[in-house]
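Here is a short report on one protein model. Keep the structure open beside the text and find each residue as it comes up.

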Amino acid sequence: MAEIILYDLACTKNVCFSPVVWRIRLMLNYKRIPYRTIFLEFPDIEPTLKGLGILPSESTSTSKPKYTVPAIQHVPTNTYIMDSASIAHFLESTYLDPPVPLTSELGREIEAKSRAVVGPIFFTSVMPREIGILSPRAQEYFRRTREASLGHRLEDLLDLDKEEQSWDAVEDDVRAVGELMQMNRADGPFLLGARPTYTDFFIAGSLQSARVVEESVFRRFFGYPGYREVYEACLPYMEKKD
């Protein structure tokens with residue numbers, strides 16, 4: 001019987017494609033926690049989670065409170081939690097074995113540099129292509145909300161020359177982050193050695209997201225040492241994708 005109900009983002013491939021949901025899915029799979037998935041279309045996330053009594057994330061000066069996936073229900077205690085970081089802390093404190101270190105000095109450095117270096121590539125090469133794996137109803141929502149934020153059409157991001165220039169501009173930095181991932185390779189394939197950390201799931205989840213949305217982007221990252229080793233080491237915990 002499932003102990004966790006995982007609320008995930010729906011796509012036409014009927015598999016997980018959200019990088020933030022993949023972090024939690026990898027953690028659930030690694031800890032062998034029984035769970036089942038409920039996939040939600042983009043426009044259904046807020047009404048569904050609101051209907052479950054989940055509170056929205058706190059607003060900032062530039063955004064209103066919002067509902068996001070992942071969200072979970074812990075069935076034994078009927079507890080609902082939203083936000084990947086909060087869910088990770090709950091899982092780690094509730095299911096102690098095997099442990100997943102949630103943070104480390106190396107992990108914090110890699111996550112910060114990945115967001116700064118890899119994040120812009122995902123924004124231009126992956127995000128606008130997500131619309132291609134959404135249902136028509138979700139496509140309308142995705143286009144309307146993203147283009148309102150961007151101030152232009154999604155397709156304007158997919159200028160192949162500019163995309164290639166973006167890759168060229170960060171290639172050395174992407175390689176440098178990959179080298180950080182290999183600092184403990186003598187002890188094992190993961191960032192800290194023989195066992196995965198939450199940062200390993202952060203990396204592998206992002207790469208798997210790219211693979212589902214646009215294989216060519218995944219292949220480019222896969223070609224860099226560090227990214228490839230972490231991804232391959234996490235493959236056993238990616239078998240359950242739905």
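## A proline in a loop

Pro70 sits in the loop that runs between α2 and β3. The model is a predicted one. In it, the peptide bond that joins Val69 to Pro70 is cis. Its omega angle is about 10 degrees.

Move on to β3 and β4. Strand β3 covers residues 71–74, and strand β4 covers residues 79–82. The two strands pair in the antiparallel sense. Four bridges make up the pairing. Find Ile72, then look across: Ile81 in β4 stands opposite. In a regular strand, side chains alternate between the two faces of the sheet.

How many residues lie between the strands of this hairpin? There are four. Asn78 belongs to this loop between β3 and β4. Its phi is positive, at about 55 degrees, although Asn78 is not a glycine.

## Two domains

Now step back to the whole chain. The domain assignment of the protein gives two parts: domain 1 spans 4–94, and domain 2 spans 105–237. The centres of the two domains, taken over C-alpha atoms, are 20 Å apart. Domain 1 brings 23 residues to the contact, and domain 2 brings 24 residues.

The size of an interface is often given as the accessible area lost when the parts come together. For domain 1 and domain 2, that buried area is about 2,100 Å². Carbon and sulfur atoms account for 67% of it. Which residues of domain 1 lose the most area to domain 2? They are Arg23, Tyr30 and Phe42. Together these three make up 32% of what the domain 1 side buries.

## Across the interface

Side chains of opposite charge can pair when their charged atoms come close. Between domain 1 and domain 2 the count is one salt bridge. Arg137 and Asp44 also deserve a look: their side chains meet in a salt bridge, with N and O 2.5 Å apart. Six residue pairs are in polar contact across the interface of the two domains.

Which elements give two or more residues to the side of domain 1 that touches domain 2? They are α1 (19–31) and α3 (84–94). The most comes from α1, which gives eight residues. Sort the residues on this side of domain 1 by type, and you get 15 nonpolar, four polar and four charged.

## A salt bridge within a helix

The whole structure holds 17 salt bridges. One case to find is the salt bridge of Lys50 with Glu46. Its closest N and O atoms are 3.3 Å apart. Where do these two residues sit relative to each other? Both are in helix α2, which covers residues 45–51. Lys50 and Glu46 are four residues apart there, so about one helical turn separates them.

Last, look at Arg129. This residue lies in the loop between α4 (105–125) and α5 (136–150).

How values were computed:
Residues numbered from 1 in each chain as written. Predicted model: local features only at pLDDT ≥ 70, side-chain atom pairs only at ≥ 80, totals over all residues. Heavy atoms only, no water. Domains from an automatic or database assignment. Contact = heavy atoms within 4.5 Å. Buried area = accessible area lost by both parts, 1.4 Å probe. Salt bridge = Lys/Arg side-chain N within 4 Å of Asp/Glu carboxyl O. Polar contact = N/O pair within 3.5 Å; in protein donor to acceptor, adjacent residues only side chain to side chain. Nonpolar A, V, L, I, M, F, W, Y, C, P; charged D, E, K, R; others polar. Pairing = 2+ DSSP bridges.
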